[in-house]
Amino acid sequence: MKNNINVVAKSLKKFSIKTFAIAGLLILASCETDLDKINENPNDQASVDPKVLLTYVSKDAFQVNGDNMYASRMMIGTDGENTYQYMKWNDASFDVYTKGILNTVKMMQEAEKINNKNYSAIGKFYRAYYFFNLSLKFGSIPYTEAAKGEAGITQPKYDSQETVMAGILSELKEANDLINSNDKIEGDIIYNGDASKWKKLINSFRLKILITMSKKTTLGSYNIASEFASIAGSQALMTSISDNGELKFADAADSRYTMFNNSGYGSSLYMADYFINLFKARQDPRLFTFAAQTTAAKEAGKPITDFTGYNGGNPTSSYSDNAALITAKNISKVNDRFYKDPTNEPSSVLSYSELEFILAEAAARGWISGSAKPHYDNAVKASFSFYQTYVKNPGQYFSGFDVNQYLATPLVVYNDADPLQNRLEKIMTQKYMTMFHQSQWTSYYDYLRTGYPNYPLQTGVAAPFRFRYPQAEYNYNSTNLKAALAAQYGGNDNISSKPWWLQ
């Protein structure tokens, strides 16, 4: 990756300031978030090599999201009330339209000029990725008219969530048809130009969208279960962790691990007991890669692999109560590798392990034939393989561990004869246990749609279903926004309004 970054850095020096603006490299320079502003385009014909845009879009899309760690009951804060931990968030930003979507669209436009279908295919993947996450965050969003400032659309209409999800499924199908072994892919910090791996990611992401819509039967013209079965049975999918859709970090400027040198990780961020206890109950050594020993355990000289040396704070308790655990030396910080290691582990948007959990869930639901157990077992094995591959000095954590023995233990073993809800709980719990600083908000959305694992919540506080729309949309695109609110939520823009995909 480091070499790719250096190539891009040298390439950027060749472009004028004017070209920067036209290329839409707004990741670097713009903090505008309203769609009225971001759809403006100077209508200049200047060009930029799509490889430069691919690098920056990839870096933006694959960053680690720490906020989900609080909402998903994996971490807690002790220096004040964290809105994500206490399920009290409010509005969110549309900045992804500038940071990701405009750059993606520009990359696709530049790809057309040089007749490179692979950049167009990857662009369709990133469009699908960005719109998928935006819609899950808010509900209806601008989609069909988004990023069309050149066409004079500065106040885009909102499309229904069903329209968005069906649309991105179609875009991914088109991407699968476009990807090829002939057109060269440069600037690729994800797969180093390997089109076959992009094809696997594209098709695997189609399955991720479909399983996320599990509460629905149809999605536009798609029958969800039959479309899933068709893709799973006929298309190229990930087959090992080497296919992971992940960003590997480098010890170079603008290429280091997202949380590197994050001061909060070194001072006030600790592990949640709900998350830690799942590992302790299963004697799961992945815990040691996520958490640090308590101060008391270190002072007592306990080995790193002693499960009694780890403890978390209650995410539903007041931050002052959890701070008392610090005084008592009885709470685990986040493992310091997450803020001291500039390269650390890669950050995935979709891994082979997650794909196998998706296939296991589909098999359990009867969407595809065969037992869910092989997929479930493969998913767990892939997760251990990931940490044994990427965590520094893995022997200190995994020495003597046998994953096959682990898979046979009572709390882990998968049994096709169990009731469906028991099987889903086991799948979703193990899937959750793989997502510490991985896959963005996936674990939280899985919880919203399945109820598993069963997050602890404060009495009288429900888990939010969504974020409020940004204030900038009220200022610059209020007519379209209000129409969308009326169609979805009876005009109410609040975090307890249930979007279409969860109804």
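Which residues have the most contacts inside the largest nonpolar core? They are Y126, F131, W198, F228, F436 and Y444, in a core of 147 residues. The model is predicted, with a mean pLDDT of 91 for the protein, and 91% of the residues reach 70 or more. Over residues 1-45, however, the pLDDT is below 50. The points below cover confidence, the core, helices, aromatic pairs, charges over rings, and backbone details.

**Confidence**

- The stretch of residues 1-45, with pLDDT below 50, has 93 contacts in the model beyond near neighbours in sequence.
- Where pLDDT is low, the predicted coordinates should not be read in detail.

- Helix α10 covers residues 195-212 and has 18 residues.
- From its first C-alpha to its last, α10 reaches 26 Å, close to the 26 Å expected at 1.5 Å a residue.
- Of the 18 residues of α10, 16 are buried, so this helix is largely enclosed by the rest of the structure.
- Helix α19 covers residues 373-390 and also has 18 residues; its end C-alpha atoms are 26 Å apart, in agreement with the 26 Å it should span.
- The buried residues of α19 are Y376, D377, A379, V380, A382, S383, F384, F386 and Y387.

**Aromatic pairs**

- The count of aromatic pairs comes to 57.
- In one of them, the rings of F125 and Y129 have centres 6.4 Å apart and planes at 20°; the pair is stacked because planes under 30 degrees apart count as such.
- F125 and Y129 are four residues apart in helix α8 (residues 117-138), so about one helical turn separates them.
- F125 counts as buried at 0% relative accessibility, and Y129 counts as buried at 6%.
- W441 and F467 form an edge-to-face pair, with 5.7 Å from centre to centre and 80° between the planes.
- This second pair links distant parts of the chain, 26 residues apart: W441 is in the loop between α22 (420-433) and α23 (442-450), and F467 is in the loop between α23 and α24 (471-476).
- W441 is buried, with a relative accessible area of 6%, and F467 counts as buried at 4%.

**Charges over rings**

- The ring of F467 also has the charged end of K137 over it, 5.3 Å from the ring centre.
- R337 lies over the face of F338, at 4.3 Å from the ring centre.

- F138 is found in helix α8 and is buried, with a relative accessible area of 0%.
- Leaving aside residues up to four places away in sequence, F138 touches A92, S93, F94, R466, F467, R468, Y469, P470, Q488 and Y489.
- F138 and S497 are 359 residues apart in sequence, while their C-alpha atoms are 9.8 Å apart in space.
- S47 is found in the loop between α4 (35-38) and α5 (50-61), and counts as partly exposed at 38% relative accessibility.
- S47 and A146 are 99 residues apart in sequence and 21 Å apart in space, C-alpha to C-alpha.

**Backbone details**

- A cis peptide bond joins Y452 and P453, with omega about -15°.
- P453 has its place in the loop between α23 and α24.
- D254 has a phi near 65°, a positive value in a residue other than glycine.
- D254 is found in the loop between β4 (245-247) and α12 (263-267), and counts as exposed at 66% relative accessibility.
- H437 has a phi near 60°, again a positive value in a residue other than glycine.
- H437 lies in the loop between α22 and α23 and is buried, with a relative accessible area of 2%.

Technical notes
Residues are numbered from 1 along each chain as its sequence is written. This is a predicted model: local features need pLDDT of at least 70, side-chain atom pairs count only at pLDDT 80 or more; totals for chains, interfaces and linings use all residues. Side-chain values use heavy atoms; hydrogens and water are left out. Helices (H or I, at least four residues) and strands (E, at least two) are DSSP runs, numbered from the N terminus. The expected span of a helix is 1.5 Å times one less than its number of residues. Buried means under 20% relative accessible area, exposed over 50%, partly exposed in between (1.4 Å probe, protein chains only). Rings of Phe, Tyr and Trp (its six-membered ring) pair if their centres lie within 6.5 Å; planes under 30 degrees apart count as stacked, over 60 as edge-to-face and the rest as tilted. A charge sits over a ring if NZ of Lys or CZ of Arg is within 6 Å of the ring centre and within 35 degrees of the ring normal. pLDDT is the predictor's confidence in each residue, from 0 to 100. Contact means heavy atoms within 4.5 Å. A nonpolar core is a set of buried Ala, Val, Leu, Ile, Met, Phe, Trp, Tyr and Cys residues joined through side-chain atoms within 4.5 Å.
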